[in-house]
Amino acid sequence: MQIAAAYWTDRGLNAYADQGDFREVTRRINGGYNGLADRERYYGLASMFLASQSTQAGRVLLIDGGGKEVLWNGQATKYGGVDLNKELVEQLRLVYPAPGGPWTYEGLKVWRRQNGDLVLERMK
């Protein structure tokens with residue numbers, strides 16, 4: 001995986017992928033367009049899946065010092081030594097898509113509930 005990531009980074013492929021230019025990504029990897037239709041199809045499926053997840057995401061709850069759950073206001077803040085922001089929340093939702101936990105992420109305990117709520121607690 002590290003070799004693939006280095007190859008991707010060294011060739012500046014993220015800029016093309018961010019623009020949805022899979023034709024150029026494919027050309028730069030394969031030297032031609034072999035597999036382009038599959039890449040475009042998988043991208044479409046992944047995009048539909050991710051779009052459906054954001055509407056079913058649920059709330060973000062923070063456990064305060066007394067063990068009470070408090071609804072996160074969506075504003076960037078430090079929480080448990082971690083920069084809590086919308087990008088991190090989306091990443092946690094992708095990494096922990098199924099109900100369960102607790103898992104640990106940096107200075108946090110992370111749970112995912114059946115209803116989609118993400119619960120975060122500072123580790124002591």
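Me: In which sense do β1 and β2 pair, and over how many bridges?

Reply: Strands of a sheet pair through backbone hydrogen bonds, either parallel or antiparallel. Here, in what is a predicted model, β1 and β2 take the antiparallel sense, with three bridges. Leu62 faces Val70 in β2. The two strands make a hairpin with five residues between them, and Gly67 in the turn has a positive phi of about 85°.

Me: And in which sense do β1 and β7 pair?

Reply: That pairing is parallel, over four bridges. Leu62 stands opposite Leu120 in β7.

Me: What is the strand order of the open sheet?

Reply: Read it as β2-β1-β7-β6-β5, five strands with mixed pairing. β2 (69–71) and β5 (100–105) each have a single partner strand, so they stand at the edges and one side of each lacks a neighbour in the sheet. On average, neighbouring strands are turned by 30° against each other, direction ignored.

Me: How many bridges join β5 to β6?

Reply: Four, and the two strands run antiparallel, with β6 spanning residues 108–112.

Me: Which residues of α5 are buried?

Reply: Look for Leu88, Val89, Leu92 and Arg93. They're on the same side of α5, because they cover an arc of only 140° around the axis. Glu87 and Leu94, on the other side of α5, are exposed. As for what the buried set packs against, it's β1, β4 (82–84), β5, β6 and β7.

Me: What does a side-chain oxygen of Asn85 reach at the start of α5?

Reply: The backbone nitrogen of Glu87, to within 3.1 Å.

Me: Now Thr26: buried or exposed?

Reply: The cut-off for buried is under 20% relative accessible area. Thr26 has 0% relative accessibility, so it counts as buried. This residue lies in helix α3, residues 22–30.

Me: Which residues is Thr26 in contact with, leaving aside neighbours within four places in sequence?

Reply: Gly31, Gly32, Tyr33, Asn34, Leu36 and Arg39.

Note on methods:
Residues numbered from 1 in each chain as written. Predicted model: local features only at pLDDT ≥ 70, side-chain atom pairs only at ≥ 80, totals over all residues. Heavy atoms only, no water. Pairing = 2+ DSSP bridges. Axes fitted to C-alpha atoms, helices over the stretch in contact; angles between N-to-C directions. Buried < 20%, exposed > 50% of the residue type's maximum accessible area, 1.4 Å probe, protein only. Arc of directions from axis to C-beta. Contact = heavy atoms within 4.5 Å. Polar contact = N/O pair within 3.5 Å; in protein donor to acceptor, adjacent residues only side chain to side chain.
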